[in-house]
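Biologist: Could you walk me through this one before I set anything up? I would like to begin with whatever the record annotates and then move to the fold.

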Amino acid sequence: MRIEQELKLGFKDVLFRPKRSTLKSRSQVNLTREFTFKHSGRQWSGVPVIAANMDSVGSFKMAEALAKHNVMTAIHKHYSVEQWAEFVQSAAADTLKNVMVSTGTSDNDFQKTKDIMAMSEEIIFICIDIANGYSEHLVDYVQKVRVAFPNKVIVAGNVVTGDMVEELILAGADIVKVGIGPGSVCTTRVKTGVGYPQLSAIIECADAAHGLGGRIIGDGGCTCPGDVAKAFGGGADFVMLGGMLAGHEEAGGELVEKNGETFMKFYGMSSKSAMDKHSGGVAGYRAAEGKTVLIPFRGPVENTIQDVLGGVRSTCTYVGAASLKELTKRTTFIRVQEQENNVYGKE
């Protein structure tokens, strides 16, 4: 047993220090990033925000709505091949280039991924997503998928430390998904005692990935646009959002009427709700590691994504970054013990 004494930080522990800026307006800030990925050699240009691959967030409708903003969607893995075929047939090319095909690591998952990827050359992202990215099985699977899809962009996760980021990139991943336990409907930290404060995870994992020419996704923990900006400031190449995009009409969640109000069901993908729906219940050898909540129905996602992107643009103007790419270079975080004045409650 050993104890690491170094302080680890979450989003709530810091604020940006403002700096002189030559920018006159938020409209001058360019949020588009252009990446050429290490193994696949593929190029992608867009706004590097991603709707999470949860079945009450990462839907086909969400992908179509967010693609209008050049924002990505990791499509959840519970759509059938037939549903994918229908989507691919009707979706615009700009939508397809901004979707990720999510998959587990079973033989059936592998065959399903092959079937989906064969539908269109426009689809370039494969997201291999398991809760515990420290399993050697994931490394082996990444190698297998890299051999099968040499020119596709492979995302793998989730992990929170630089050593595992490096191992996954060396195995063939172009992008590593970073985050264990920070999500709003994740209970891994409570059930297992395992986790890592998300901002420190991003800072450390970004450093490891960029040293090898890889990229990372900061996955989880964002509760407001300022957190999204902090993730980018800490070095995340992409930021994945779950709860912030849940509850919208495009999210695909189940609507519930309660006391005359409309809510949408939102749950973690390791929750009892998810396992009852997709796996026939919680297996006897494990515990559910997610919660189920009701979110007030929020209508179309348009206003929310505008709010998120507007907040990040505003951050850039405060620190003098003319583009999102510059933000991490212009970032100085200051440690704080309070974020906001809540005397009148939250907005």
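**Annotated glycines and their surroundings**

Modeller: UniProt, in an unreviewed entry, places the feature "binding site" at Gly181 and Gly183; UniProt positions are given in the numbering used here, feature names are shortened, and annotations may be inferred rather than shown by experiment. This is a predicted model, in which local features need pLDDT of at least 70 and side-chain atom pairs count only at pLDDT 80 or more, while totals for chains, interfaces and linings use all residues. Residues are numbered from 1 along each chain as its sequence is written, and side-chain values use heavy atoms, with hydrogens and water left out.

Biologist: Where is glycine 181 placed? And is glycine 181 buried or exposed?

Modeller: Glycine 181 is in the loop between β8 (175–178) and α7 (188–192), where helices (H or I, at least four residues) and strands (E, at least two) are DSSP runs, numbered from the N terminus. Its relative accessibility is 13%, so glycine 181 counts as buried; buried means under 20% relative accessible area, exposed over 50%, and partly exposed in between, with a 1.4 Å probe and protein chains only.

Biologist: What is glycine 181 in contact with, leaving aside its neighbours within four places in sequence?

Modeller: Glycine 181 is then in contact with Cys186, Thr188 and Arg189, contact meaning heavy atoms within 4.5 Å.

Biologist: And which loop holds glycine 183?

Modeller: Glycine 183 also lies in the loop between β8 and α7, but glycine 183 counts as partly exposed because its relative accessibility is 26%.

Biologist: Changing topic to the strands, how many of the nine residues of β3 are buried?

Modeller: Seven of the nine residues of strand β3 (residues 43–51) are buried, so β3 is largely enclosed by the rest of the structure.

Biologist: Which way do β2 and β3 pair?

Modeller: Strand β2 (residues 33–36) pairs with β3 in the antiparallel sense over four bridges, and two strands pair if DSSP finds at least two bridges between them. Phenylalanine 35 stands opposite tryptophan 44 in β3, and in the hairpin of β2 and β3, with six residues between the strands, glycine 41 has a positive phi near 75°.

Biologist: What about β3 and β4, or β3 and β10?

Modeller: β3 and strand β4 (residues 71–75) run parallel and are joined by three bridges, with isoleucine 50 having methionine 72 in β4 as its bridge partner. Strand β10 (residues 238–241) also pairs with β3 in the parallel sense, over three bridges, and there valine 239 in β10 is the bridge partner of valine 49.

Biologist: Now the helices, at what angle do α1 and α2 pack?

Modeller: Helix α1 (residues 60–67) and helix α2 (residues 81–90) pack at an angle of about 25°, with their axes 11 Å apart; axes are lines fitted to C-alpha atoms, for helices over the stretch in contact, and angles run from 0 to 180 degrees between N-to-C directions. They are therefore roughly parallel to each other, given that angles under 35 degrees count as roughly parallel, over 145 as roughly antiparallel, 65 to 115 as roughly perpendicular and the rest as oblique.

Biologist: Which residues meet there?

Modeller: Phe60, Ala63 and Glu64 in α1 meet Gln83, Trp84 and Phe87 in α2.

Biologist: Last one, which residues of α6 are buried?

Modeller: In helix α6 (residues 162–171), the buried residues are Gly162, Met164, Val165, Leu168, Ile169 and Ala171, and they pack against α5 (136–148), β7 (153–159), β8 and α8 (198–211).
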